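Here are my notes for a first look at this one. Have the structure open while you read.

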Amino acid sequence: MKVSSSKEKILKKIREALSNPVPLPFPKSEGSAGVFPGPDKDLEILFAEEFVKLSGKFAFCFDEQDAINQLHLLITQRKWTKVFSKEKEVLPFFNPSLLTDDLQNCDVAITSCHHLVARTGSMVLSSKQQHGRTTSVYAPLHICMAYTDQLVFDTKDALKSLKETFGNLPSSVTFAAGPSRTADIEKTLVIGIHGPKEVYVFLIDRQNPRED
């Protein structure tokens with residue numbers, strides 16, 4: 001089939017461009033600096049501010065015992081009797097008699113996370129965790145137990161840490177920020193239509209570096 005002269009000219013230009021690539025205008029700066037300026041306040045404060053903006057509920061805990069006390073008070077006030085959790089590091093935070101294996105009918109699900117991203121107010125979850133892919137999005141309410149040494153400033157910092165920890169990124173990485181929301185129907189914002197209606201983060205102060 002005969003190629004038209006105009007098409008041949010375009011193909012010729014493409015071949016020439018591929019054989020003689022144009023160098024980057026600023027090669028030394030490419031990828032060396034973040035798009036966003038660094039934090040101007042402590043990561044704990046920045047995360048709390050951004051998370052609350054997204055309708056999340058935040059609790060700072062001075063230590064693990066304080067986290068146990070605050071979580072117990074919340075469970076009592078809300079009269080939750082069925083708590084779903086599969087992570088052994090989370091189980092000591094609440095009464096084991098409340099534990100249920102029925103995710104579909106639970107009152108609340110409690111998980112850990114890999115990181116908290118301060119700039120976006122989001123939790124970093126993945127398929128590598130014991131709770132898998134569904135717990136944090138299927139339960140009606142989600143509580144995340146996290147530590148101050150899991151805070152990072154930006155998304156790229158979290159992804160870099162995951163790659164260093166696992167060698168490759170997990171098959172599923174979720175950045176969850178507050179309760180689910182949509183405005184697809186007549187541009188009206190609806191909270192909790194396809195996920196948890198409430199999301200809590202209990203941030204526990206821990207001075208010693210975390211050992212994974």
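1. Start with the fold as a whole: among contacts (heavy atoms within 4.5 Å) in the chain between residues at least 6 apart in sequence, 70% join residues at least 24 apart. The chain holds five helices and twelve strands, taken as DSSP runs (helices H or I, at least four residues; strands E, at least two) and numbered from the N terminus.

2. A caution: this is a predicted model, where local features need pLDDT of at least 70 and side-chain atom pairs count only at pLDDT 80 or more, while totals for chains, interfaces and linings use all residues. Residues are numbered from 1 along each chain as its sequence is written, and side-chain values use heavy atoms, with hydrogens and water left out.

3. Of the 212 residues, 38% count as buried; that means under 20% relative accessible area, with exposed over 50% and partly exposed in between (1.4 Å probe, protein chains only).

4. Now look at helix H5, residues 155-166. Its twelve residues should span 16 Å at 1.5 Å a residue, and the end C-alpha atoms agree, at 17 Å apart; the expected span is 1.5 Å times one less than the number of residues.

5. Which residues of H5 are buried? They are Ala 158, Ser 161 and Leu 162. Seen down the axis of H5, its buried residues fall within an arc of 100 degrees (from the directions from the helix axis to the C-beta atoms), so they line one face. On the other side, Lys 160 and Glu 164 are exposed.

6. The cover over H5's buried residues includes strands S5 (115-117), S6 (122-126), S8 (151-152) and S9 (173-176). Just after H5, Gly 167 has a positive phi of about 90 degrees.
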